[in-house]
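Welcome! Please take a first look at the sequence and the 3D structure, and then we will walk through them together, one place at a time.

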Amino acid sequence: MRGVANLGEISGWPVGHAFILNQNGTRLVSSRIWHFSHRDNFRSLSDASEQLAVSRGEDLPGQVWQRGEPVWITDVEHDQSLREQRDFSHLGVRSAFGFPVKLDGEVIAVVEFFNTRLTTPDLNLLALARGVGNLIRHVIERVQWQEERTLLAAIVESSGDAIIGKAPDGTITSWNNGAEETYGWLAEEVIGETVSLLLPPGMAREESEILEAMKTGRRLDQFQTRRVRKDGTLIDVSISVSPIRGMDNQIVGTSTIERDITARRRREEELSKARDEAEQATRTQSEFLANVSHELRTPMNAILGMLELTLQEDLTPLKRDYLQTAKDSADSLLLLVNDILDFSRLEAGRFELEPVPFNLRDLLDEAVKTLSLRACEKGLELICRIDRRVPGRVIGDPVRLRQILTNLAGNAIKFTEQGEVVVNVKLVDQTDSTISDGTDSAPSRFGGLPGEQVMLDFSVTDTGIGIAPEDQERIFAPFAQADASTTRHYSGTGLGLAICHELNGLMKGEMHLESTLGKGSCFSFQIACSVADPDETDAVRERSRVSELKDLPVLVVDDNQTNRVILEEMLTNWSMSPTPVDSAQEALEKLSSTRRDDTGYPLVIVDALMPETDGFMLLEQAKDEGLLDTATILMLSSADHQIFGDRCRDLEISAFLEKPISQSDLLDAIMTALKGPQLEQNGVVQISETKQSLRVLIAEDTPANQKVITAILKKRGHQCVIANNGREAVDWVRNDTFDAVLMDVQMPTMDGLQATKMIREYEQEAENHVPIIAMTAYAMRGDRDKCISAGMDNYISKPIDAPKLIRLLERLATKYPRRASLTPETFGEELLSAGESPEEETQISAGSSGKPGSSSTVFDMAAALKRVGNDPEILNSMVEYFFEDAPVLLKEISRQIQVGDADELARAAHSLKGLCANFNADTAAEAAKAIEEMGYQGDLQDAPEAIPALKAEVDRLTRELTQWRTEA
């Protein structure tokens, strides 16, 4: 650097040296640029400095680098910061200073000077040093700019593309080697000429349009056109044109990059022609297959129809066997034809999806139910699990989605000999692309809003034979199976998965496979769906029904873990309180412990087929031990319940559900079992008179309920005393003797809980105990806990079920006997007698039908009859009680709304709700319940508006009951 020498000569300092940054920018190293007044006198300093590499803060150059400004050291021999790198006491210098050279604000070099004399800081010299530093910076900038320009020029020259510079008027100003090779013109031949010499005839207008675009500063990217070479050959080129701007940002010319794409265009045309020919050949082949398959289906349908009709005739066993074999073969052939038809339509591009709104849960339930028999025949558990956040209704093609799921699940059943097949649907969290399993404790929005896009993940998992890794890559190819032995053993065309894969592609999804040989497989795919508008009627009905189940204790008995998990999820989603167990023994232990605690399970769900002790044996043992006196029982099984007809008959099973269990079927069964008739019983259960009469106090404020309960107990031979409220009940217990008390929870003057507490306080002094049974709505956990805390012994839900009431009453009366003659054997097995009563069955059947489509939606008389022990006399009396009490309660409700008494309003609405519930008149009961809740909340603002709906439903129920009584 000449500036270093100049500064040394001007300042009189004998030694100057420049350090520069190394390639990594981490150290300062010697540039070997020096200024010496006498080089030989400073050779030791030169040698030491050229071997030096310093970091920030080290030695004099490092300090200048770190500070970014000049540094002056008066005495280098005694400066401690310099001793670590160079020992100046032996290098013949006394003072030193250094200054930085900066580029873009960063230090890129440091210049140091040394003097043999002690010299104090000289401000003029430092100012001169700064000027030299700026001079050096300018020199470096010019050198870098020149290097960059040279590099760019080299790049342009070496490019295989034609790079052409033009002035604003179109005159060529630069022409690289690539342009010479592309067009055959030398630079000296074209510079100064216009670009028109490259344009084919008739294309001059194109260049004018390019120049106009450049004047506006618009860039043109890779537009394809034609140009002419020097030899007259036409070539296809791809051109990009960019404006060139000067220092004042004005356009001073254009830069054009032009690439010869003639060979590429020729190849593309050849490929396009070949592709069109191949696609045409494929379409022709696929259309032929589609037409042939379609034509085959017509005679196949006729063959199958005739075979089915013939099989219904009276045939010899041999002929039936022949025809059944023919029908089975025809069914298989039709499946093959259908697969070929679908696949050929997909291949021919004639397959279109038909998106419509549909209920996703119903579709899944129906899909798996069609396969349940096949799963049952192989002894497999077929399970359908749906994430609680999956929307109920979506928009998509339900037919093709069902086809995919049925195919995948059918394959899973085919290739699985033992274990389970699980169809699973989850909601994908699109914020982080993870899959939700619906078990998060954090609150989440269910279902999505109408019109919102959601991603659903479908999977079918089995415990079957699995697929080897080398076969997984080709499993989705047409006609592919794992190997030839698979085809021979399991049959099939190998088209199913190929069709599923193609259908999934049409849905913008992708199918995946995870499999381990010998352990099982999991096929999964994700598709995006729009959330459809919900069915408001179903949604409101389900919310209302689910609210009635809040905190209901449920015992779930199933040996399959996946089934237990799914049942627990369903029940928990309805705010119920499930207790899952995996064996009959554990179930008996749970039932025994709850009996000791006087709690119990109002609902028990039992799997019929379990190892060692099955569900029927469990129920028989629990019944013998008196563990299920008040429980409602639901039975689950993969097999048809008709198979277990004899075993079901004496176990009083309320509902029998075939697996796989859908959410809607389970909810319907629970609500029907709790509120309606017991299902699947072959005999009519009637109340028979017992040998031992009980004296029972009935604490109930609603006259109709008083009369119904009294009629049931008198039919059994028991004596009844009525208390109209809690206060009267306390007085009766203090002054008389009873074997048991039936206590309504909600009564005027004093409710059942308060009355029970007072009775228990009195009994502590009298040293006796009368059993008290609470009568409450559906026996929810909150109600149960309040009843037990108040001192009640047990509870029964309204509307009252006669057989359950009698069993519970007589069991507690013998547990706390007032007389020595009262023992469990007193009532024996004669509690209820089962017998056929065709006349009564006919009577109820005729009476409950009413007008087509009318009474079936207003009430359920079959349910009401079974609840009163199949006694038509009691049922007729119950109807009379309704006619007597309902109008009075309606007037009372209206009056309490006018006077603003919320408590009395709630009581009257509660009583009317109970009257309607006796006949399973759900709509009327719900209307009364809405007003009852307004009373409990003390908010009567909307109560007047609710009266017309309640009156309309009660009038409707009255008309239907009147017609029923007339027809009966």
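Is Tyr 183 buried or exposed? Tyr 183 counts as buried, because its relative accessibility is 0%; buried means under 20% relative accessible area, exposed means over 50%, and partly exposed lies in between (1.4 Å probe, protein chains only). Before we go on, please keep in mind that this is a predicted model, in which local features need pLDDT of at least 70 and side-chain atom pairs count only at pLDDT 80 or more, while totals for chains, interfaces and linings use all residues. Residues are numbered from 1 along each chain as its sequence is written, and side-chain values use heavy atoms, with hydrogens and water left out.

Let us begin with the whole protein. Of the 968 residues in the protein, 49% are buried. The protein exposes about 47100 Å², and carbon and sulfur atoms supply 49% of that area; accessible areas come from the Shrake-Rupley method with a 1.4 Å probe, and for residues only the protein chains shown count as cover. Contact means heavy atoms within 4.5 Å. Among contacts between residues at least 6 apart in sequence, 67% join residues at least 24 apart.

Now for the aromatic rings. The structure holds 10 aromatic pairs. Rings of Phe, Tyr and Trp (its six-membered ring) pair if their centres lie within 6.5 Å; planes under 30 degrees apart count as stacked, over 60 as edge-to-face and the rest as tilted. In one of the pairs, the ring centres of Trp 34 and Phe 36 are 5.0 Å apart and the planes stand at 15 degrees, so this pair is stacked. Trp 34 and Phe 36 are both buried. Tyr 183, where we started, pairs with Trp 175: their centres are 6.0 Å apart and their planes at 40 degrees, so the pair is tilted. Trp 175 is buried as well, with a relative accessible area of 5%. Elsewhere, ring pairs link Trp 13, Trp 72, Phe 97 and Phe 113 into a cluster.

Thr 182 is our next stop, in helix 5 (residues 177-183). With 9% relative accessibility, Thr 182 counts as buried. Its side chain reaches the backbone oxygen of Gly 178 at 2.8 Å. Beyond its neighbours within four places in sequence, Thr 182 is in contact with Gly 160, Ala 162, Arg 229, Ile 235 and Asp 260.

Another threonine, Thr 632, sits in strand 23 (residues 632-637). Thr 632 is buried, with a relative accessible area of 1%. A polar contact of 2.4 Å joins the side chains of Thr 632 and Lys 804. A polar contact is a pair of N or O atoms within 3.5 Å; within protein, one must be able to donate a hydrogen and the other to accept it, and residues adjacent in sequence count only if both atoms are side-chain atoms. Leaving aside neighbours within four places in sequence, the residues in contact with Thr 632 include Pro 602, Ser 654, Ala 673 and Lys 804.

What about a residue in a loop? Ile 467 lies between strand 17 (453-462) and helix 13 (469-472), and counts as buried at 10% relative accessibility. Ile 467 and Ser 515 are 48 residues apart in sequence, and in space they are 5.7 Å apart, C-alpha to C-alpha. Not counting residues up to four places away in sequence, Ile 467 touches several residues, among them Ile 475, Leu 513, Ser 515 and Phe 523.

Asp 59 has a phi near 55 degrees, a positive value in a residue other than glycine. Asp 59 is placed in helix 3 (residues 59-67) and counts as buried at 1% relative accessibility. Asp 551 also has a positive phi, of about 65 degrees, although it is not a glycine. Asp 551 lies in the loop between helix 16 (536-547) and strand 20 (553-557), and is partly exposed, with a relative accessible area of 29%.

Notes: Helices (H or I, at least four residues) and strands (E, at least two) are DSSP runs, numbered from the N terminus.
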